[in-house]
Amino acid sequence: MYSVLDQNIQYLPGVGPNRARVLNEELEVRTIGDLLQCFPQKYIDRSKIYTINTLSDHMQYVQLLGQIIELTEQGNGRTRRMEATFTDGTGLLKLVWFNQLKAIQRSVKLHKTYLLLGKPTLFNGSYNVAHPELDAVDNEHDEDRFTTLRPIYRITERMRRSGLTSNVLAGLVQAVLKQLHAAELPETLPDYIVREQGLVSRDEAIRKIHVPDSMQQVPRMEERLKFEELFYLQLNIANYAKSRTIKYRGFKFATIGSYFLRFYHEVLPFELTGAQKRVIKEIRRDVGSGRQMNRLLQGDVGSGKTMVAVMSMLIALDNGYQASLVAPTEILAEQHYTTLSRLLSKVGVRVALLTSNVKGKAREAVLQGVADGSVHILTGTHAVLGDMVQFRNLGLAVIDEQHRFGVVQRSRLWIKNEEPPHILVMTATPIPRTLAMTVYGDLDVSVIDELPPGRKPIKTLHVYEKAPEKLIQLVRNEIENGHQVYYVFPLIKENEKLDLKNLEKGFGQICELFPEFRVGMLHGQMKNNLKAEVMQRFQSGEYHILVSTTVIEVGVDVPNASVMVIENAERFGLAQLHQLRGRVGRGAEQSYCLLSTGYELSETTHRRIEIMCETTDGFRIAEEDLKLRGPGDLEGTQQSGMIFDLKIAHITADAPLMERAREMAIRVVDEDPRGDLPKNQIMWKQLRLMRKTNVNWSAIS
Ligand code: ADP
Ligand code: MG
């Protein structure tokens, strides 16, 4: 059905082809319907008019009523600008414009009364406003102007240059709303959901979000629109997860047998933590259910995820299946191989390693063993295992450090199988719960929220690179007490020669500083077998200090290392700093993390270092990270790229609403798994429409 909402924005009076292009490119607004989906960021109470003498520094947008008494052009070339002096009788305010100077010159009239809207900033003791919006007040009795709430829309610089100010946008929206009758803003949620959730209708919500009668009613309108947005997001995920479980039955691991039990009673070198036990139980329940398991295991660095993986793989073996453990780096794959072989040879489990290092005859032997089932557990990197390995019967695939993999790769791994294995993905990147629900919404989530006993929190100190005495002292002390040290340099792009030079220079300096100790060096450009050798020497204690790039960031486990020095710590993000720090503090003794920086730090960098020194709690760090950077940047969420074009809801601030939307979506899908209940038709139609128009959504389904 053709609707006004589908009309091209270009034909709206006041738009035209040029502005249409700008709207399209800046806000992805193509139709009138899209325009109505650009919601105000905030509202200015138009009845509130401030005076210049009451302005203060922390004020956001304010309205002032007064006159311009002077207008001049200043500067030249790139500094050219218009400046004006504005007064309301209580003081003076400077106004500045950096572009559209001609238009300003033409339109601004001296000694005329204007209603000014802008954000005052304090500069050299007096206030000024850049790019104020000016509304000529022709008629002092123009009541309406001073009584309504004024919506403020997000405007980009380019929009401003085309005259698309917040004010103009508000005018366009209001013109459209006046024309539309109620039937033209149709409901998109089934009646029963609107009723049950106590929401206002879509028509009312959209009208009043743009033109509220009072501030008090805004939250109700927002609730409706946010719920709708989050609901469809969750419905998409729930629907996807459901169709997968209908499609894929899973192997049923009915028994716990001698591999598991012998390992548990005779080999396990420590008591499992309560959290490890709980998670193993959750996994047992999943793999015993006859449905394919898709479980995400989140556990902070050092919380002991590997052991959970080992015990889960033993359950697969007990039921006559093979298992695999996939790692994101060669170093980590090799380490897993060493750990697994050491632990599992005692119960007769055969483990093999497949990386690009394993070549020729050795490689053939591994592939043969995997194919005929004489290899029970295969570990390796994703690149290798994803290729052409043919298992006899793979029952469980564990994927370590999942944040390195995108969703697409995750599914590729099991698509090769006719019958999919159970999947356990593990990550140490703590993701705030609401995000996990969305990014990994189709997975069940287990959390290890407890560290093995006796761990002392890592002491984190900020040191300045120009004053390294404290650092040198500590490193020396620790090594003399039998411990080892990591020394990490940032290489942002590993393939840049210059960065490598930095590392080599750093290596030289450290050798000079500590002539009595043995120092090794590790970086991504080394040949794989050399990497493995260096790692081995550090592991065995031959090297006291390992100078390295972030290749050791993920998963590496050398419990005897007690100091992590991070050079140029200002160049790392919080998540990365936390991962790196997690390489120490893995034994019972006190460990240290030294963040070395220059003296001059930006405010956010300073805050990052501060947070690192304050806490070792990965979840708290993730929350702070989210606050500092916004969700789009959060490590591990970009690849999944499916959620962050939310128009109105906020991924963390609206957590409770997200929870509500998720519950509702899961209920709907359970009740109507094949989408044929009449009452839901309007909803499935809407979902199909959204999938068609939202490219990112189709990526996961
Ligand atoms: P991560 O969760 O970061 O992968 P690991 O699995 O590498 O952590 O475990 C970190 C260290 O803690 C390892 O040296 C491991 O042997 C040890 N560990 C794991 N579980 C326990 C436990 N229950 N008690 C004592 N030490 C443990
Ligand atoms: Mg690990």
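Predicted model: local features only at pLDDT ≥ 70, side-chain atom pairs only at ≥ 80, totals over all residues.

Trainee: Okay, so is Y232 buried or exposed?
Mentor: Y232 has a relative accessible area of 0%, so it is buried. F231 also counts as buried, at 0% relative accessibility.

Trainee: How many aromatic pairs does the structure hold?
Mentor: Nine. One of them is F231 with Y232: the ring centres are 5.4 Å apart and the planes sit at 75°, so that pair is edge-to-face.

Trainee: What about Y464 and Y599, stacked or edge-to-face?
Mentor: Stacked, with 4.7 Å from centre to centre and 20° between the planes.

Trainee: And where do those two lie?
Mentor: Y464 is in strand β17 (residues 459-464), while Y599 is in the loop between β22 (592-597) and α22 (603-614). The pair therefore ties together parts that are 135 residues apart in sequence.

Trainee: Are they buried or exposed?
Mentor: Y464 is partly exposed, with a relative accessible area of 28%. Y599 counts as exposed, at 53% relative accessibility.

Trainee: Which charged end sits over the ring of Y192?
Mentor: That's K679, whose charged end is 4.0 Å from the ring centre.

Trainee: Switching topic: what volume does the second largest pocket have?
Mentor: About 1100 Å³. Its lining has 42 residues, and those nearest the pocket centre are Q335, T339, D557, P559 and R586.

Trainee: Which helix gives the most to it?
Mentor: α13, with nine residues of the lining. Each of α12 (305-318), α13 (330-344) and α20 (528-539) supplies at least two residues there.

Trainee: And where does the second largest pocket lie relative to the domains?
Mentor: It lies between domain 4 (258-448) and domain 5 (459-615), because both give residues to its lining.

Trainee: Back to the rings for a second: what describes a pair of them?
Mentor: The distance of the centres and the angle of the planes.

Technical notes. Residues numbered from 1 in each chain as written. Chains lettered and ligands numbered in written order. Heavy atoms only, no water. Phe/Tyr/Trp six-rings, centres within 6.5 Å; stacked < 30°, edge-to-face > 60°. Buried < 20%, exposed > 50% of the residue type's maximum accessible area, 1.4 Å probe, protein only. Helix = DSSP H or I, 4+ residues; strand = E, 2+ residues; numbered from the N terminus. Lys NZ or Arg CZ within 6 Å of the ring centre and 35° of its normal. 1 Å grid on protein atoms, 1.4 Å probe; cavity = no way out; pocket = protein on both sides within 12 Å on 5 of 7 lines; lining within 4 Å. Points joined across faces, edges and corners; volume = space filled by probe spheres on them. Domains from an automatic or database assignment.
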